[in-house]
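Please walk through the structure shown below, one region after another.

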Amino acid sequence: MANGKIGVTTENIFPIIKKFLYSDHEIFLREVISNAVDATQKLKALASVNEFTGELGDLTIRIALDETAKTITISDSGIGMTEEEIEKYINQIAFSGAEEFMAKYKTDNGIIGHFGLGFYSAFMVSKKVEIVTHSFKEGATALRWSCDGSPDYTIEPAEREARGTDIILHIDDDSIEFAEKTRIEGLLKKYCRYLTIPIAFGKEQDWKDGKYEDTDKDQIINNPNPIWSLKPADLKEEDYMEFYHELYPMAEDALFSIHLNVDYPFNLTGILYFPKLKNNLEVQKNRIQLYCRQVYVTDNVEGIVPEFLTLLHGVIDSPDIPLNVSRSYLQSDSNVKKISSHITKKVADRLQEIFKNDRPQFEQKWDDLKIFMEYGMLSDEKFYERAEKFFLFKNTDGKYFTIEEYATLIKPTQEDKNKKLVYLYTTNREQQFTYIEKAQNKGYDVLMMDGQLDAHFVNQMESKLPDARFVRVDSDVVERLIPKEDLAETKLTKEQQEELRPVFVCHAPEKTNFTVMFENLSETDAPVLITQSEFMRRMKDMAQMGGG
Ligand code: ADP
Ligand code: MG
């Protein structure tokens, strides 16, 4: 029997672990289980090069909860550890890493929540941790390592015939919530759902003699082959939608999916979805789940995917994203920047492909897609360049045009004296109905611009298209901008007009910037029109939006 001291210079490492990792202490289970997965994968790797020639057998990792004893046991059939390996991998970490670790944690608090502490994170929730392990190596015997959170540990011989490791966590009184079945189930579902080795928690149950009874069949909680790890060629559209609903059970069908599969200059797989968005954009942001080799890491992908794509849903899996570091580091990491611009390109390519190959489908989904497109085009210059080829304008007749097609359509009728194209638009079809009708009667086309981002987008289009001028359909400049000969004369005399004008002006929301018109209206038009200055209205809108 060997007794040892963990050479931590400060009294005790464990109070520090508990204190500084408190906000994220639930990750302990992920850490301990992913070590079990690693141990199993190592064994498989050794078998594949004939360094392990025994039977692999059943490699299922089993999680057992003893609600009375308040213990969680994680058992694997992986490589196990010899005494030297325990010394090196378990004891040394605390020994050599402690000082550096503590220095780090005191100076950079920000990194803690995302720092995988590995094995020692078990002490965030445990008053005692035991390892019972039996190495696969010739002649190895079973050992028990035990540590109660003081600087001491013990190693002694143990009983374990089979190769592999049990990690036994004695849950601390102040973490007793983790000794509950539903809590464990929740954690397994969140962190371990797609681990690469089957994970069993309890047994499947059968309805027998009026009650549920355990069968002898393991209840497997994970899917080791999620569809993002499969080849796109082997998958159908239904598979993508099914997976979408597995990830977001409450969501409506997504609009499109994009399968990411990159192996150069970095490794990244994943599936992104364009969701159907509801009005409140903020709450729907950052729903993409980030994995590292199928281990769940976070659903905060800020800094990893471009800002406008944080509205997408789905999963991204990459061993190359440095996960154990702070967010500010992540944002400056050159790999992460490459990943981000690659994702932008992929998303644009996929949309362009659908536009080219299936324009009816693209148009049919456009109303929902538009907000992503505008958000992307407003916030990302690269995306704008790609997207301008398939951004669609929709007019009041519900017809869709590319930017180029639309310019061609309105050129003959909507060019002003300065050879600028006048894009008429409405922000509210019901309220501006009279104006729309009037414009249409004159043979003009009117665009729908009633989306959440349209006001900004109109400004952007004006700066991007040098020959364009956007004018709301109820603006006073419409008549002056687009010359037309066949205008109807008003039946009112000049005097009558002057007399009537104040009557209408006093109904306008403000006295200024409104013009009352009786002339230039055709037979079918309303007898009078009140219009507002486009410039003044936009100034006001921008001021209301907080400077735009
Ligand atoms: P990391 O997983 O990043 O190496 P950990 O602190 O999680 O760091 O684990 C430390 C080491 O302990 C592992 O690298 C491994 O060698 C050993 N280890 C932990 N759990 C097991 C296990 N279940 N089976 C075999 N070895 C293990
Ligand atoms: Mg680990």
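A helix crossing is called left-handed if the near helix is turned anticlockwise from the far one by less than a right angle, and right-handed if the turn is clockwise. With that convention in hand, take the pair H8 and H12 in this predicted model. Their crossing is left-handed. Helix H8 covers residues 359–379 and helix H12 residues 454–464; they pack at an angle of about 50 degrees, and their axes are 10 Å apart.

Which residues make the contact between H8 and H12? On the H8 side they are Glu374, Met377 and Leu378, and these meet His456, Phe457 and Gln460 of H12. Sorted by class, this contact has three nonpolar, two polar and one charged residues.

Next come the sheets. Strands of a sheet pair through backbone hydrogen bonds, in either the parallel or the antiparallel sense. One open sheet has three strands in the order E18-E17-E19, with parallel pairing. E18 and E19 stand at its edges with a single partner strand each, so each has one side without a neighbour in the sheet. Averaged over this sheet, neighbouring strands are turned by 40 degrees against each other, direction ignored.

The pairings in this sheet can be followed residue by residue. Strand E17 (residues 421–426) is joined to strand E19 (residues 468–472) over five bridges in the parallel sense. Within that pairing, tyrosine 425 stands opposite arginine 472, and leucine 424 stands opposite valine 471. E17 also pairs with strand E18 (residues 446–448), again in the parallel sense, over three bridges. There, leucine 424 stands opposite valine 446 of E18.

A second open sheet has five strands in the order E10-E11-E14-E12-E13, and its pairing is mixed. Its edge strands are E10 (256–262) and E13, each of which pairs on one side only. From one strand to the next, the twist averages 20 degrees.

Tyrosine 291 has tyrosine 296 of E13 as its bridge partner, while leucine 290 stands opposite isoleucine 316 in E14. E12 and E13 form a hairpin with two residues between the strands, and in this hairpin arginine 293 takes a positive phi near 50 degrees.

Terms used:
Residues numbered from 1 in each chain as written. Chains lettered and ligands numbered in written order. Predicted model: local features only at pLDDT ≥ 70, side-chain atom pairs only at ≥ 80, totals over all residues. Axes fitted to C-alpha atoms, helices over the stretch in contact; angles between N-to-C directions. Helix = DSSP H or I, 4+ residues; strand = E, 2+ residues; numbered from the N terminus. Contact = placed C-beta atoms within 7 Å. Nonpolar A, V, L, I, M, F, W, Y, C, P; charged D, E, K, R; others polar. Pairing = 2+ DSSP bridges.
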